[in-house]
Amino acid sequence: MDNELNRYYIKIRTILGIDPKTIHEELVTALGPNAPSYTTVTRWAKRFREGREEVNDDPRFGRPISELTDENIELVRQVISNDPHSTYDEIIAETSLSHGTIERIIHDCLKMKKVTSRWVPHELTDEQKQQRVQLCRENLAKFQTGSWRLCDIITGDETWIYHRQIHHKSKNASWIGDGESPTTVVRRSKFESKNLFSIFFKSNGPVLIHCVDEGKTIDHNYYIENCLKLVVKEILKQRRSADTKGIKLLHDNAGPHIHYDVINYLTEEGINIMPHPPYSPDLAPCDYWLNDCIKHNLTDQLNEKSLARDIYVDNGYSNSRVDKWTSNTTSSIPAMYMYGQCYGLFVDITNTLYCSLFTYHQVISNSQRQGSNAWTIVAGNGVVALTSASLYNPRGIFVDTNLNLYVADSENDRIQFFPPGQLNGITLAGTGAPGTIALLYPTAVVLDADGYLFIVDCYYHRIIGSSSNGFRCIAACSGADSTSSQLYYPLTLSFDSYGNIFVTDQDNHRIQKFLLSTNSCTVSYNQPKFSAYASWSSNAITFASIGTVGAAPYGIFVDVNNTVYVANQANSLIQVWLEGSNIPTRNITNGLYLPYSIFVTINGDIYVDNGNLNQRVDKWILNGTTSSSAMYVKQECFGIFVDINNNLYCSMYYVHQVATKSLNGNSSMWIVSAGTGCAGSASNQVYYPRGIFVDTDLNLYVAECGNNRVQLFQSGQVTAMTVAGDAAAGTISLYCPSGVVLDGNGYLFIVDSYHHRIVAQSPNGFRCIIGCSAVAGSTSSQLNNPSHLSFDSYGNIFVTDRDNSRVQKFILIPNTTYSEYTIEINSQSKN
């Protein structure tokens, strides 16, 4: 797409009232790296808002560029090819072309730029170069085939960080007047104050930042005790259900890293060591990216402690001012006088202080550099209205490094964006921003390092986050209450340096800390780990009877907050119970007809089968009152699943197929993951598929009612292996299996529907664990044509007992055969 077509698109979207940021994101989605910059989009959007009609460039005046001929371009190319270090003066001497012509040829025609040669520590031999290429190709192939995942790789290294930073020459440059002497930068001495850090990180954040004790050096013993053991502990904390399974460590070939004891320790912990070619710091993310990035963004420190920080405090209730306190002082000074209270305070990078005047519906600012008491209105005209120039009880505010102002416009249920110097805001989320998210009295707004919004949605009692995939609930997604997973009228939030979120939980009178889940493979369902001899009470508790769930309930899902979702087919609705509740706290019914299955994602999105009459899967956002179509299908889905890559799966019982659709794009197309569409027992066929499960390695498990087996389709494969049933010798006999789930150890739990029982796998093989008389019945120890099962976080099993029209809960019986780690995880889950 050329520039004029881009501008036509910007013009049309601007006329429709779309803000420049959204337009730019749409262009990036469509064009990728060929999209115009955000600055260009903003500039042209402003022109079109001001009434411009033309999309072509303004006429330019000056010297013609007739010297940009093919012959001259080739001439310059040849000079550079002969000597890549050629200067402009040398190219002018060789070609007799002007400086401007050469500059245009190099940058516009040849698309070249001059960069400093990268320092390498060692001249590689041909064998070492070949080894680099071979290792890189092997690793890349593992990612492309799906056998490796980026979220499973940890990389680490050591680096010295000096208290006094010396930046690149470009940062040390300064303007001087005529006759003035240039400034100087003192070379750093090797004896200057510094600290040695050992840093480990993953694709989505730090795992360990360890400052080596003063006077210590890192040998193999120190590396194991003070670095690797802490890394393993952090992995176990983040991956409760998977231990170190699949984790790979990438570190260089330094002596402590390749010591025999280190290799043995990592092997014992189940961590694979990624091979690293010799003398290749450019292939180590720490050396190539992280360490330089950290040092370039550090400021000088006078000592080991951070410099003192000024603290600004609202004191407007009775004193009509903002006070400024310097760290470690016992008295304050007035920083700004105003009328009313500041419900939000912010100091930007230019040392300008902002205050949101809740009662007066304005945001004001005062420059702290000038020492003046005068302040300026930067948002809000003081009139209560839902217009671009108005605010209604503004609360939280945020100013980014480009001096754009973000305001939580609470009573207008929206987030407003004010570019520098502009008094007309653009709605980014909430009322007036269709396609974002519904807000009810937002009270705080914060941006992350990528410019994405995080919002305290006060009256919905939740925290909202945005990403490249849009807005979603990220914390407290199950309504108001006082449990550890809920909030009650939260007001403000703030991040710590690790990405954890602190929230003022107003009506619960507490401060809550939500830990960042640094494992990008986090799942929304429970996968407890059990001992080989774990058992469940033979007599179940009836969680819900026919009077609640209707006749013949089918699907069930229990999320990590122990919220229970049941597909009530008889009444064409989904019922929701919060943990501890005996009655449904929510019913989802609008537009549904005989739903079979249900799945809830980690952000609270609810996917429901609606294929019987409407031939689709519907998506309901948390607390939403309407649904959207997530996938169009041929018939009802007896099983629904969303994997860690955000792919939606549907097992179409009567079509004999499992279909898959990516939820990351806008396409409505789906592909077949299992089955040919014809009933059969071949390895590439499925016969009446029901329950499905996809593990974090993207392997698909299918419970085949018609073939009395459970099939495993490995990631990307259309032929399967039988892992349970008569066709898999040494496993167990099945009769119309209808549900399949994996526990934290990767063992199968199967609903053996026509045998009226639940069977499980362990290191000792398969065994019956529930309903083991294989006789249908309605007592508390029996089942009658069960359809699905789901674990809660304590290891209890919920079963939809279909022909008894009830949901049964089988309690896990504690015993002494758990490993120490399993006991620790279960106790943590209960807190």
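This is a predicted model: local features need pLDDT of at least 70, side-chain atom pairs count only at pLDDT 80 or more; totals for chains, interfaces and linings use all residues.
User: How do you know that the span of α1 is close to the expected one?

Analyst: Helix α1 runs over residues 3-15, which gives 13 residues. The expected span is 1.5 Å times one less than that number, and it comes to 18 Å. From the first C-alpha to the last, α1 reaches 18 Å, close to that expectation.

User: What puts the buried residues of α1 on the same side?

Analyst: The buried residues are Asn6, Arg7, Ile10, Lys11 and Thr14. They cover an arc of only 140 degrees around the axis, so they sit on the same side of α1. On the other side, Ile12 and Ile15 are exposed. The cover over the buried residues of α1 includes α2 (20-31) and α3 (38-49).

User: Why is α5 called roughly perpendicular to α6?

Analyst: Helix α5 (residues 88-95) packs against helix α6 (residues 99-109) at an angle of about 105 degrees, and their axes are 10 Å apart. Angles from 65 to 115 degrees count as roughly perpendicular, and therefore α5 is roughly perpendicular to α6.

User: Which residues meet where α5 packs on α6?

Analyst: From α5 come Tyr88, Ile91, Ile92 and Thr95, and these meet His99, Ile102, Glu103, Ile106 and His107 of α6.

User: Now to strand β11. Why does glutamine 362 count as buried?

Analyst: Its relative accessible area is 7%. Buried means under 20%, so glutamine 362 is buried. This glutamine 362 lies in β11 (residues 362-367). Leaving aside residues up to four places away in sequence, glutamine 362 touches several others, among them Cys355, Leu357, Ile377, Leu391 and Pro394.

User: What makes the pair of glutamine 362 and tyrosine 339 a polar contact?

Analyst: The side chains of the two residues are joined at 3.3 Å. A polar contact needs a pair of N or O atoms within 3.5 Å, one able to donate a hydrogen and the other to accept it, and the pair of glutamine 362 and tyrosine 339 is such a contact.

User: And glutamine 527: why is it classed as it is, buried or exposed?

Analyst: Glutamine 527 has 16% relative accessibility. The limit for buried is under 20%, so glutamine 527 counts as buried. Its place is in the loop between β23 (510-514) and β24 (535-536). A polar atom of the glutamine 527 side chain lies 3.5 Å from the backbone oxygen of aspartate 743.

Notes. Residues are numbered from 1 along each chain as its sequence is written. Side-chain values use heavy atoms; hydrogens and water are left out. Helices (H or I, at least four residues) and strands (E, at least two) are DSSP runs, numbered from the N terminus. Buried means under 20% relative accessible area, exposed over 50%, partly exposed in between (1.4 Å probe, protein chains only). The arc is that of the directions from the helix axis to the C-beta atoms. Contact means heavy atoms within 4.5 Å. Axes are lines fitted to C-alpha atoms, for helices over the stretch in contact, and angles run from 0 to 180 degrees between N-to-C directions. Angles under 35 degrees count as roughly parallel, over 145 as roughly antiparallel, 65 to 115 as roughly perpendicular and the rest as oblique.
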